[in-house]
Amino acid sequence: MLKAIIKSLSERISELEAILKQNSQTSSKPPSSDGYKKPKPTSSRKKSDKSKGAQKGHKGSGL
């Protein structure tokens, strides 16, 4: 009898864990239902090896 109870409870736990893992990106739920645990937006852009700004040695003009 105890084994049957343990089995049913472990199945229920796995069902509840699956529900907790869902968010608006992995289900048909609206984004407003995500609450405060919204996933971070990720960028598909790659980092460049180039340095930012003008070329080295370029004399900038200032006011």
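With a relative accessibility of 45%, E15 counts as partly exposed, a class that lies between buried (under 20% relative accessible area) and exposed (over 50%), judged with a 1.4 Å probe and protein chains only. The model is a predicted one, in which local features need pLDDT of at least 70 and side-chain atom pairs count only at pLDDT 80 or more, while totals for chains, interfaces and linings use all residues. Residues are numbered from 1 along each chain as its sequence is written, and side-chain values use heavy atoms, with hydrogens and water left out.

E15 has a partner. The side chain of E15 meets that of R12 in a salt bridge, at 3.6 Å from N to O; the term stands for a side-chain nitrogen of Lys or Arg within 4 Å of a carboxyl oxygen of Asp or Glu. Side chains of opposite charge can pair when their charged atoms come close. R12 is also partly exposed, at 46% relative accessibility. Both R12 and E15 sit in helix α1, three residues apart, which is about one turn of the helix. A search of the whole structure gives one salt bridge.

Helix α1 covers residues 2-20 and also holds I5. Here helices (H or I, at least four residues) and strands (E, at least two) are DSSP runs, numbered from the N terminus. I5 is partly exposed, at 39% relative accessible area. Together with M1, L2, I6 and L9, I5 makes a nonpolar surface patch of about 600 Å². Such patches are built from residues with over 30% relative accessible area and no salt bridge, where like charges are joined within 9 Å and nonpolar side chains (Val, Leu, Ile, Met, Phe, Trp, Tyr) within 5 Å.

What of the chain as a whole? The protein chain has one helix and zero strands. Its radius of gyration is 26 Å, well over the 11 Å that the globule rule gives for 63 residues, so the chain is more spread out than a compact globule; the radius is taken over C-alpha atoms, and the rule is 2.2 Å times the number of residues to the power 0.38. Along the principal axes, the C-alpha atoms fill a box of roughly 85 × 25 × 20 Å. Of the 63 residues, 3% count as buried. The accessible surface comes to about 7100 Å², with 57% of it belonging to carbon and sulfur atoms; areas come from the Shrake-Rupley method with a 1.4 Å probe, and for residues only the protein chains shown count as cover.

K40 and M1 are 39 residues apart in sequence and 45 Å apart in space, C-alpha to C-alpha. S44 lies in the segment after α1 as well, and S44 is exposed at 71%. Between the C-alpha atoms of S44 and I13, 31 residues apart along the chain, the separation is 35 Å.
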